[in-house]
Amino acid sequence: MQKQDLINYWKDNYIITDKRALEAFRRVPRENFVLPQYKDQSYEDIALPTLQNQTISQPTTVLIMTQALEAKPGQKILEVGAGSGYQAAILSEIVKEKGIIYTTEILKELYDFAKNNLIKYKNIKLLHTDGSKGLSKFAPFDRIIVTAAAKKIPDILLEQLKTQGILLIPVGESFYVQQMLKIKKTKEKNIIENLGDFVFVPLRQG
Ligand code: SAH
């Protein structure tokens, strides 16, 4: 598949309709975030292995999450699980120069990989740290996106979210499948939407 085939597939099936998300996908070269031996599969709609048994999510998953996050120019976003850095790069194109993406990676080898892939992205701060407790130093965030599977919604991440902010996180007890939850923080009761089944590597929680 070519990049444009994926865009057509999403548009024709009303999977991704958000213009900002589609434009960000157009601008970021996924081939720069996959390992050299998988470059020719960059635009297949599949997750690909990266280092240390981790994965770069399949394009449709990255775009569904991007669209659901409803990010806007100028926002401050936290990502937990930088991996290759691809999702952060997509979000960086949406928040633009006035916005900022903090992304955390717990594994040193992946951190180094992402660091190298993200050199050009001035509005991304990559940190080699456990992101499961958020990043209190830079809170509160407009949006928080977790790209590894948690057993339940971490309260500490909700605390670091602004009112009207959105937390997106795959949650589930099972190793094989999780539910993508979109949580909107309000002054009263938080609004939780289930976006369906997804599969992620586990969030490491210390
Ligand atoms: N967003 C990535 C894919 C994420 S794969 C991309 O666009 O390529 C999930 C990543 O989360 C892995 O690299 C894993 O090492 C990392 N991870 C797992 N637990 C973590 C934690 N507690 N803090 C930060 N990163 C974590």
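Predicted model: local features only at pLDDT ≥ 70, side-chain atom pairs only at ≥ 80, totals over all residues.
Me: Why is helix 2 called oblique to helix 3?
Reply: Helix 2 (residues 19–27) and helix 3 (residues 59–69) pack at about 140°, with axes 9 Å apart. Under 35 degrees would be roughly parallel, over 145 roughly antiparallel and 65 to 115 roughly perpendicular, with the rest oblique. So helix 2 counts as oblique to helix 3.

Me: What makes the contact there, and which classes of residue does it have?
Reply: Helix 2 brings Ala21, Leu22 and Phe25, while helix 3 brings Pro59, Leu63, Thr66 and Gln67; contact means heavy atoms within 4.5 Å. By class, that's five nonpolar, two polar and no charged residues. Ala, Val, Leu, Ile, Met, Phe, Trp, Tyr, Cys and Pro count as nonpolar, Asp, Glu, Lys and Arg as charged, and the others, Gly among them, as polar.

Me: Why is Gln52 called partly exposed?
Reply: Its relative accessible area is 42%. Buried means under 20%, exposed over 50%, and partly exposed in between (1.4 Å probe, protein chains only), so Gln52 is partly exposed. Gln52 also has a positive phi of about 55° although it's not a glycine, and it sits in the loop between strand 1 (48–49) and strand 2 (55–56).

Me: What about Lys96: why is it partly exposed?
Reply: The relative accessible area of Lys96 is 43%, so it gets the partly exposed label. Lys96 is in the loop between helix 4 (86–95) and strand 4 (100–105), and its phi is near 60°, a positive value in a residue other than glycine.

Me: How do you know that the buried residues of helix 1 are on the same side?
Reply: In helix 1 (residues 3–12), the buried ones are Lys3, Leu6, Ile7 and Trp10. They cover an arc of only 100° around the axis, so they're on the same side of helix 1. The arc is that of the directions from the helix axis to the C-beta atoms. What covers these buried residues includes helix 2 and helix 3.

Me: Where is Pro140, and what is its peptide bond like?
Reply: Pro140 lies in the loop between strand 5 (124–128) and strand 6 (141–146). The bond from Ala139 to Pro140 is cis, with omega near 5°.

Technical notes:
Residues numbered from 1 in each chain as written. Heavy atoms only, no water. Axes fitted to C-alpha atoms, helices over the stretch in contact; angles between N-to-C directions. Helix = DSSP H or I, 4+ residues; strand = E, 2+ residues; numbered from the N terminus.
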